[in-house]
Amino acid sequence: MHDDSALAELRIARFVRERLVAALYRDTHAVELTAWAAPGEPVSFADAVQASFEPFAVGDAWGVPWGTVWFRVRGEVPAEWALEGTRPELVLDLGFSDSAPGFQAEATAWTPEGTIVKAVEPRNPYVPVGAPGASVDLYIEAAANPEVAGAWTFAPTELGDPETAGTALAYRMRRLELALLDETVWELLQDIRTLTGLVGELPAGLPRRAQILRALERVVDEMDPDDVAGTAGAGRAALAEVLASPAYASAHRLSAVGHAHIDSAWLWPVRETVRKVARTFSNVLALMDEDPDFVFAASSAQQYAWLKQYYPELYARVAERVAEGRFVPVGGMWVESDTNLPGGEAMARQFIMGKRFFLDEFGVEPEEVWLPDSFGYSAALPQIVAAAGSRWFLTQKISWNETNRMPHHTFMWEGIDGTRIFTHFPPVDTYNSELSALELARAERQYAEKGAANSSLVPFGFGDGGGGPTREMLAAARRAHDLEGSPRVELSSPRAFFEAAEAEYASPPVWSGELYLEFHRGTYTSQARTKRGNRRSEHLLREAELWAATAAVRRGDAYPYEELDAVWQTVLLQQFHDILPGSSIAWVYQEAERAYAEVAETLEARIASSLASLTGPGETDMMVNAGPYARDGIPALGAVAVDTNAAPAEVGTVREIDGYFVLENSRVRARLDARGLLVSAIDLASGREAIPEDAPANLLQLFRDTPRQWDAWDIDEEDKRTVRELTDAESIQIAQTGDAVVIVRTTGDSRIEQRVSLHTESGAIDIRTRVDWHEKQKLLKLAFPLDVRAERAASEVQFGHVFRPTHMNTSWDAARFETAAHRWVHVGEPGFGVAIANDASYGHDIRSTALASGGTATVVRVSLLRAPLFPDPDADQGEHEFTVSLRVGADIAEAVAQGYRLNLPLRRLRGAVAIDPLLSVDNPAVVVEAVKLAGDRSGDMVVRLYEAFGTRARVAVVPGFAWTAVSETDLLERDSGPRAMTLTSADAVSLLLRPFQLVTLRFARS
C-alpha cells in the first residue's frame, strides 16, 4: 500500500526542481566580457580600472589561489524586457561549488564611478541592473579564495600559504549574463519552500500537514508546466489560504536578527576579511533598499574601521543606515575575541576600544555583548561586561558541547565577583540561520524555558563572506510571521529582543562560573609563538603606559596616545577567536608573528624613552620594577639605584651529591636525579616534601594528538591514554655559570633543553625549557605530580581566579579535562600549597591521581606544544621557549606574585635618579593592573585595580602626584558613582572591595 503523502511530496519536489526553478528567469541576454588578472595582492578600484583588459569567455578558467581577477561587463538590457512583474539582473556563477558560501570564490560589483553595488556569492549570485533599454557597465572584482576547508575532512593542505598554494587556476566561469527574473514565479517558489519545509516538521497524521500537502498538490494541478510564467499567479492563489492560517496562540516567538558572522581571519588572511566585510555590508545595504523592515546587526569595531579606511563611500552609506537604526552595531568590542586567553586589561580594552569607536563614529553605544562563536567564556566576563556599561550577553557556541547540554537558554550569568548579566543562548543552535522551517522548529522544540518564558533570538544570514542575509531569507521571515504550525517570526533588533525578554522573564535561573565549551580544548595550546606574542605584548603595554604616564606627570613629557592606541588595536585584533586560539591558516600566523615583532619594537622603544626621561643621563645602575609588588627592595611601579658590587643577600647553591643534583637556598631544597627529573622539593619553612616518592616531577610527556575532527581546535581525551614519558637524558650537568642544572633530551627529530635554577628572591624552582620542535600530531606536556590532597585547583583568569574540581564525579567534571589558565595555577590543602606559574602557556590539566604506593597525588600538567596538520600543516614547527616556575609552600597570594614575577621581569638600566611610584597600595590583595592617562586627553590619571586573592579587602590608594578630585568610573572612564570608595582624604583614597572586584579610579589633575 502506497503512502499518499510520500507520493505527493515526490511529485511536488520534482515540479519545483524541473519546472519552477527553470522558469525563474524568463529570458537571458549575452554581455561583452573582458578580464584583467591583478598581479600579487589585491589592488584598489582606481588602479584596476587603469589596467589593460583582455577578452574573456564564459567557460574559461580564472584565478590563481588567493589571486584577484577583475572582469568588465558591458551590454544593454533588452528593451523588450519591459514586462510587468519582472526584474532585469546580471547573474553570475564564478565556478561555485556545493561547499558553504564564504569558503570559496566571492566577488564585488562596482560601477565605473567607483561605487560598490553589491557582492556576488554562491547563494547570492545576482547584481541589479538598469531598466529595459539601459546600458550595463560594471566591474566585477573576483577573489579566487581557495577552498581550504575542502569537504571538512581536515586533511593537510598547502592552500593556506600563498608560497605553497600553487599557480593552477582555481575556478572556471560557468555563467555571466543578463537575465529577466519573473517575480511571480520567484514568490511562488518562496511560498512552496516555506510550506514544504513546514510539512517536513509537522507530525504525520496531523490535519494541518495534510491540508498543506493538498494545497501544494493543487498548485501542480492548476499550473501549466508548459506555461509556468502564465500560471504562476494561479499557483500562488492555491496556497493563499494555507499561508493565511494564523499561528497558535502558544506558538514560540522568534526575534529574527539579520546577521553575518565574519571571522576577522581564519581560513583566509586579514586582508581578505577586509574585502569580505565590504562585500557583506554592500549586500546588506542593497537589501535594505528593497525591504524597509530589514534590520541588520554587525559586531566588531575593527571591521567598521577597515571599511572606513578602505571603502569610505560604502562606510558613509553604512553610517546613514546606522543613524536610521536599521544597521545596528552590536557587541561593543574591537573584535569578537577569544575570552579564555586574553589577559584582564586586554579584555577590558576590547570593550574600551570598541565602544569608543562606535560612540565617536555613530553616537551609538551597544549594550549587548555579541560573541556567538568564541570557544568558551571566562567566568570573569560578567563583571567586565557590566563595567563596560553593557547589559546583555549572547552566545551560541555552547551548543557545540560534546558531553553535556546547557540547561538554560535565557538566564542570569554570574561571574567571579558576583556580578550577574542577563544572557541568552539561542535554541536555534546556529548563528548562520536561513530561517528554514527545520531551524524554526528546532528553536521551538529545544527552548528550555517553556512555561516560564516563550521568546528567543535567531541570527540569520550567511557568514564569513557568504553575503549575509538574502532576499530568500526575508521572504521566509515574512511567510513565517504568523503561520499555523510554525513559531512566530518577527524581524527585530538585538535591543528589542533583550528588552522584551527581560520584561517577559523577571526571575530567570542563574548559572554561576565559566561557560566552559566542551570542545576545542586544543585552542589553549596551538600556535605557541602567537600565544607568547600575545602574552608578551600585554605586559609590554602595561609597562609602556605606566612609564609614559609617569614621565608625563614627573617630566611633562607628551603622552603617546596615538601610538599606544595603534598598538592596542594591533594586539586586540590578534586576540580574535580564530587567531590567538591557533585555528587559522599559516598565512595568518606569519602576519601575527610579524605584528608582534613590530609591537615589541615599538613598545621597547617607548619604554626606553620614558625611562631615560625619568632617570636622566647617568652611570648609576638602576633596577626598574613595573610589577604590582615590591621586589628585592625595589618598590612596585618604581625604580631604584642598586650597588652591583654589593654581595647578594643570599646565594643559592647547586651541587652534585651522591648522583643527585641538589639546588638549595633558605626557602627550598630540590633534588634532580640522573635523568633530570625532580624527585624532591622540600619547603624548608615547614619541612614539607611536595613531590611524591614514586612520582617525579619536571616530567616531559608526549601524547598522540590525533583528534577525531577539527585538528588545531581539539584535544581528545582518549589520546591521553597513549603517553610516552621522556625520561632519558642525552646529558645532564651543572651549567658553567654554576647556578643551574642543564638537561638535554631528544625525541624523534626534536631537541629539548631544560635549565633548572632557583630564584633566590622568591624561592621558586624555575624551569626554562627550550624546544626545537619537529614532531607531527603530538602533544608535549610538562607534568608535576604533587603530594597535595586537593579536591579543587585554582586557575588565574582575568582579574581573579576560578576553582575547578580535580575529580570527575560528574559528567561536567569529566568533560573539563583540559582547561585554560593565565599566569598561574595553585593546588593546596589546609596549611600547604604549591603554585605553578608560567610565562607563555595557557593549556593545563589538573587531576587527582592514584599512586602506586597508595594514596593520591594531584598532578598538574602544563601543555607546551602541539603539532596539528590542519589548517596549518606546519603549525608550531621550530624553536620555542617556555619558563615554568614551581613554588612549594605557596598560598594564593604567592601564586599571584609568581605570575607577575615571571611575566614582568625587572629591567636594568643606567641613569641618575630613582623613579618614585605614581601611587602605592597598602594591601597586597589589591593589585594595580593599569596606570595610564585618560582617553579623553584631559591629563587625568586613570588607575585600574582589582582584588586578586578572593577575599574582602580594605585598601588605601596613595597617589604620588598632585590631584584635585577622584571618582570611580566604568571602563570607559565615565563617572559611575561610588561602589568601592569609602573615604577620600587629601592624601589617599580608601576602598572596600568584595572578592575579585574590579575598580577604575580617575584622578583629576587640574
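**Notes on a predicted model**

1. Let's start with two helices. Helix α6 (residues 270-290) packs against helix α7 (residues 301-310) at an angle of about 85°, and their axes lie 9 Å apart. Angles of 65 to 115 degrees count as roughly perpendicular, so α6 is roughly perpendicular to α7. Keep in mind as you look around that this is a predicted model.

2. Now for the side chains where those helices touch. From α6 come Val 270, Thr 273, Val 274, Val 277, Ala 278 and Phe 281, and they meet Gln 303, Tyr 304, Trp 306, Leu 307 and Tyr 310 of α7. Sorted by class, this contact of α6 with α7 has nine nonpolar residues, two polar ones and no charged ones.

3. Next, zoom out to the whole chain. The protein chain contains 18 helices and 53 strands, and its C-alpha trace spans about 100 × 70 × 60 Å along the principal axes. A compact globule of 1006 residues would have a radius of gyration near 30 Å, so the 31 Å of the protein chain agrees with that.

4. How much of the protein chain counts as buried? The figure is 62% of the 1006 residues. As for contacts in the protein chain with a separation of 6 or more, 74% of them come from residues 24 or more positions apart.

5. β1 and strand β12 (residues 175-182) run antiparallel and are joined by three bridges. To find the spot, look for Thr 28, which stands opposite Ala 179 in β12.

6. Strand β28 (residues 678-683) is worth a stop, too. Is it mostly covered or mostly open? It is mostly covered, with five of its six residues buried. On one pairing, five bridges join β28 to strand β27 (residues 668-672), and the two run antiparallel. On another, β28 pairs with strand β29 (residues 688-689) over two bridges, again in the antiparallel sense.

7. Ile 682 shows up in both of those pairings: Ile 682 in β28 is the bridge partner of Arg 669, and Glu 689 in β29 is the bridge partner of Ile 682. The turns are worth checking as well. The hairpin of β27 and β28 has five residues between the strands, and there Gly 676 takes a positive phi near 85°. The hairpin of β28 and β29 has four residues between its strands, and Gly 687 in that turn has a positive phi of about 75°.

8. Leu 637, with phi of about 65°, sits in the loop between β23 (620-625) and β24 (638-641). Phe 799, with phi near 55°, is in the loop between β37 (792-797) and β38 (800-805). Are these two buried or exposed? Buried means under 20% relative accessible area, so Leu 637, at 3%, is buried. Phe 799 counts as buried too, with 3% relative accessibility.

9. One last thing to look up is a cis peptide bond. It joins Phe 870 and Pro 871, with omega about 5°. You'll find Pro 871 in the loop between β43 (856-865) and β44 (878-888).

Technical notes:
Residues numbered from 1 in each chain as written. Predicted model: local features only at pLDDT ≥ 70, side-chain atom pairs only at ≥ 80, totals over all residues. Heavy atoms only, no water. Pairing = 2+ DSSP bridges. Axes fitted to C-alpha atoms, helices over the stretch in contact; angles between N-to-C directions. Parallel < 35°, antiparallel > 145°, perpendicular 65-115°, else oblique. Contact = heavy atoms within 4.5 Å. Nonpolar A, V, L, I, M, F, W, Y, C, P; charged D, E, K, R; others polar. Buried < 20%, exposed > 50% of the residue type's maximum accessible area, 1.4 Å probe, protein only. Rg over C-alpha atoms; globule rule 2.2 N^0.38 Å.
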